[in-house]
Amino acid sequence: AGKTAVKMRPGVALLSGETVTLKVTDSAAGPHIIKMSASALAGITPIFGEQTTNAVYSAGATSDGNITTGSFNFTALTTKAVAASATITNTNGNSSAWSDPVINFTYNVADEAAPAITAASSYATDNDKDGKLNTLVIKFTKPVKINGTLSTAAGAGNFHNVISVNNGTIDAALNITGYGIGGDNNDLLTITFDNAVAGTGQVKANIVNANASNFISDFYGVKLAATNLDASEAAKKIPDTVAPSASKINVANLFYSHATGKVALKNAAIDCGELAELQVYFGTDPTPATNKSFGTAASAQHAVKADLISGVAGSASGVYYRLVDSIAGTPTNKSDWVSDGGIPESPDAGTADSPNLAWSDATSQFTVNGISVGASNSVMRIYRKAGAVYTYLGRAVVNETNTDKKGAYDAGTHWAKQDGDLPVKVYNLPTDVAAFTLYNDNGNESAYVADPVADAVTAPLAANLFVNAQEKTINCLTGLNGSANTGLRLCVKV
């Protein structure tokens, strides 16, 4: 049952200029005869049915077979017994007699099932993780071969009529640069792209295989039928196994504040290349299996926003971000984690009894009383605390300039200014309190700490207050709470 003989290996070693011709006949009246010759440009042992280097194939008639691969067109034969024989022509043009028919087999091309695409085992790749696909690998149900040369261009009469990738907004056409057959069983077609089209979402491929001379077939010449892998149903859907690219995340534009519990995105949006969540993790050394701490909803683009992620309770540890695509609403393929440094510890403000930080509106300075605060990669920020509301006012500067002054801040006084080069004024109301944070070079901010003395100001005990009507004075047995807030007043209701 010689179907394997469709790829014929006569085992004849040729010298340059010699030719071997194979003749295949059937036993029908006639009989039907098809011929194919292989001429050697160098010393070779040609194979009929695949392209042999330095072999030039020619057919007895145009319908006899494919002169690119030397494969025979068996549709010209019947279903009856088939035999093959050979002759050799030397460099002088002299030919031997035909050999005895040593191969006898029965073959009907109509009995051979056409190759089909197994969509569930096909996949795309982004090997360099730049958010642009490198290849699409299509899996077939049997070994296949390329007949002639497949066109890279899309067209109804070509191999494909568009191959695209979804970038979260549209299906963008991919630019094909080549094709290759591979796999242990020659059942994989690798389609390469030019790495120029952004997108890592659903891949679609409309395979028409419509060119008469340049097409995909099995080893017997049975063509692949047109197949539109448009993801309209499971059998036509190529699994999305490509993660969004971590290169889409520019941590210089992401800012986490422990004080506000928010992640802000500034300067530029994040174009994900498909529908994807932005996830944040607080801790150390996350792995792909590490769960997010918080995240956004899935979107093709995360726009510039002051509260991209809210309600975030991050610790004073590492900050990491990644993108995770959403397939049917389920987070699936994960980019690498991208580190954004750490979160500063809050400055040590001390206590009301032993304050370490204090603020003066009169001088636009803060005082460190003993314990150094901050680090060389962080700057002190000044806020007004009005009840539960904190308002950013300014930051530490070098003397009276408007240049940021980073820590550490040793014992002594340190200047602060508004970003607009004006003095900082904390106290608008008697109840206002100075508050502080540390903000580092990665754009991450510590939690708030308040001036411990001003924050502890309470009404004096009535038992300690005495009115002297004769001298029109009010006396207090103990000192009032100390505070740099000169707006504090003792109010008496009679």
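I will talk through the fold content, the confidence and the salt bridges of this chain.

What you see is a predicted model, in which local features need a pLDDT of at least 70 and side-chain atom pairs count only at 80 or more, while totals for chains, interfaces and linings use all residues. Residues are numbered from 1 along each chain as its sequence is written, and side-chain values use heavy atoms, with hydrogens and water left out.

Of its 494 residues, 43% count as buried, meaning under 20% relative accessible area, where exposed is over 50% and partly exposed lies in between, with a 1.4 Å probe and protein chains only.

On confidence, the average pLDDT, the predictor's score for each residue from 0 to 100, is 89 for the chain, and 89% of the residues score at least 70.

Now to the salt bridges, each a side-chain nitrogen of Lys or Arg within 4 Å of a carboxyl oxygen of Asp or Glu, of which the count is 12. One of them joins Asp 432 and Arg 384 at 3.8 Å, N to O; because Asp 432 sits in the loop between strands E31 and E32 and Arg 384 in strand E29, this pair ties together parts 48 residues apart in sequence. Both Asp 432 and Arg 384 are buried.

By way of another case, Lys 204 and Asp 171 meet at 3.1 Å, and the two lie in strands E15 and E12, 33 residues apart. Lys 204 is partly exposed at 25% relative accessibility, and Asp 171 is partly exposed at 37%.

Note on methods
Helix = DSSP H or I, 4+ residues; strand = E, 2+ residues; numbered from the N terminus.
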